[in-house]
Amino acid sequence: MIRVENLSKTFVLHHQNGINLPVLYKAELTVNAGECVVLHGHSGSGKSTLLRSLYANYLPDEGHIHIKHGDEWVDLVTAPARKVLEVRKGTIGWVSQFLRVIPRISALDVVMQPLLDLGVSKEDCRTKASSLLTRLNVPERLWHLAPSTFSGGEQQRVNIARGFVVDYPILLLDEPTASLDDKNSAAVVELIDEAKARGAAIVGIFHDEAVRNRVADRLHPMGAAA
Ligand SMILES: Nc1ncnc2c1ncn2[C@@H]1O[C@H](COP(=O)(O)OP(=O)(O)OP(=O)(O)O)[C@@H](O)[C@H]1O
Ligand SMILES: [Mg+2]
């Protein structure tokens, strides 16, 4: 589902004397359907940078990110913007560490939106979103409120529900369990297991060792780029 080849990324700090910060150097990564690969390395080793590159948030300096999109392979490094948006809409789900809260939009609508965008009926979207919010223990009294006033963990669970509302073929998870207690972490692990069972390819970052070992089919070591 994912084939990363020869991927390099150096950040240039233009406002700090143009200092070069090499983060990825000729990185390679292959992820198959039904497996969860966990990026593993010290803080600053480039885990989030690689994950963001897989969502085309960062443009690498060289290399390829081949993504299986339906029947075709798309290279996110060279694809035009509209193709990248199409791949994000139908193929790649993304759970960032923090929810970008949109004022005045209810939690239920935030969760439903990606499924609605695919043309699924409002009723089915609401059913799926409600079921996920329930499984993630977001109290029903909060569903119709905008998540801006929610606690960190509540916001994160809304974020996770949004990431899992579509059965994406690929899921990218940047520390989805970071601000969650054991019960909610377990709920997320269960969602990951189900996604794997339906054939999703998952790339994740998990700081908690127990969660990491529980969900990872394989650890992908992140080395120091030099
Ligand atoms: N947008 C950016 N501009 C400049 N430097 C960046 C940018 N994003 C990341 N970096 C640098 O790249 C390096 C890798 O960062 P990254 O966030 O990928 O690390 P990480 O492995 O996810 O770390 P952590 O475990 O702390 O989340 C860091 O030294 C960071 O300062
Ligand atoms: Mg990170």
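These legends go with several close-up views of a predicted model.

**View 1. Helix H3 packs beside helix H5.**
Let's start with two helices side by side: H3 covers residues 107-116 and H5 covers residues 152-164. Their axes come within 7 Å and cross at roughly 25°. Angles under 35 degrees count as roughly parallel, so that is what we call H3 and H5. The crossing has a hand too, and for this pair it is right-handed. On the H3 side, look for Ala107, Val110, Val111, Gln113 and Pro114. H5 answers with Val158, Ala161 and Arg162. Sort these contact residues by class and you get six nonpolar, one polar and one charged.

**View 2. H3 is mostly covered.**
Stay with H3 and ask how many of its ten residues are buried. It turns out that seven are. They are Ala107, Leu108, Val110, Val111, Met112, Pro114 and Leu115. What does the covering? H4 and H5 are among the parts that lie over these buried residues.

**View 3. Helix H5 meets helix H6.**
H5 has another partner to show you. Here the axes of H5 and H6 are 12 Å apart, and the packing angle is about 10°. With 35 degrees as the limit for roughly parallel, H5 therefore counts as roughly parallel to H6. Arg157, Ile160 and Phe164 reach over from H5. They meet Asn184, Val188, Leu191, Ile192 and Ala195 of H6. This contact is made up of six nonpolar residues, one polar and one charged.

Now for the greasy part of the model: its largest nonpolar core has 40 residues. Which of them touch the most other members? That group is Leu133, Val158, Ile160, Phe164, Leu173, Ile192 and Ile202. Strands S3 (36-40) and S7 (170-174) each supply at least two residues of this core. So do the helices H3, H4 (122-135), H5, H6 (182-197) and H7 (209-215). Zoom in on Leu133 and, beyond its neighbours within four places in sequence, you'll find contacts with Leu108, Val111, Val138, Trp143, Val158 and Ala161. There is also a second, separate core of 32 residues, which includes Ala27, Leu76, Ile170 and Leu172.

The buried ones are Lys47, Thr49, Leu50, Leu51, Ser53 and Leu54. After H1 comes Ala56, with a positive phi near 60°. Notice that Ala56 has this positive phi although it is not a glycine. Ala56 lies in the loop between H1 and strand S4 (62-69). Is Ala56 buried or partly exposed? Its relative accessibility is 22%, so it counts as partly exposed; the buried label is for values under 20%.

**View 4. Glu175 also has a positive phi.**
Here's another backbone spot to check. Glu175 has a phi near 50°, which is positive even though the residue is something other than glycine. You'll find Glu175 in the loop between S7 and H6. Its relative accessibility is 13%, so Glu175 counts as buried.

Ile105 lies in the loop that runs between strand S6 (92-95) and H3. With a relative accessible area of 33%, Ile105 is partly exposed. Which residues does Ile105 contact, leaving aside neighbours within four places in sequence? They are Val110, Leu145, Ala146 and Pro147. Take Pro147: it is 42 residues from Ile105 along the chain, and the two C-alpha atoms are separated by 7.9 Å.

**View 5. Tyr168 is buried in a loop.**
Our last stop is Tyr168, in the loop between H5 and S7. At 6% relative accessibility, Tyr168 counts as buried. Leave out residues up to four places away in sequence, and Tyr168 still touches Arg88, Lys89, Gly90, Thr91, Ile92 and Gly93, among others. The list of contacts also includes Pro114, Gly163, Arg198 and Ala200. Thr30 is 138 residues from Tyr168 in sequence, and their C-alpha atoms are 18 Å apart in space.

How values were computed:
Residues are numbered from 1 along each chain as its sequence is written. Chains are lettered from A and ligands numbered from 1 in the order in which they are written. This is a predicted model: local features need pLDDT of at least 70, side-chain atom pairs count only at pLDDT 80 or more; totals for chains, interfaces and linings use all residues. Side-chain values use heavy atoms; hydrogens and water are left out. Axes are lines fitted to C-alpha atoms, for helices over the stretch in contact, and angles run from 0 to 180 degrees between N-to-C directions. Helices (H or I, at least four residues) and strands (E, at least two) are DSSP runs, numbered from the N terminus. Angles under 35 degrees count as roughly parallel, over 145 as roughly antiparallel, 65 to 115 as roughly perpendicular and the rest as oblique. A crossing is left-handed if the near helix is turned anticlockwise from the far one by less than a right angle, and right-handed if clockwise. Contact means heavy atoms within 4.5 Å. Ala, Val, Leu, Ile, Met, Phe, Trp, Tyr, Cys and Pro count as nonpolar, Asp, Glu, Lys and Arg as charged, and the others, Gly among them, as polar. Buried means under 20% relative accessible area, exposed over 50%, partly exposed in between (1.4 Å probe, protein chains only). A nonpolar core is a set of buried Ala, Val, Leu, Ile, Met, Phe, Trp, Tyr and Cys residues joined through side-chain atoms within 4.5 Å.
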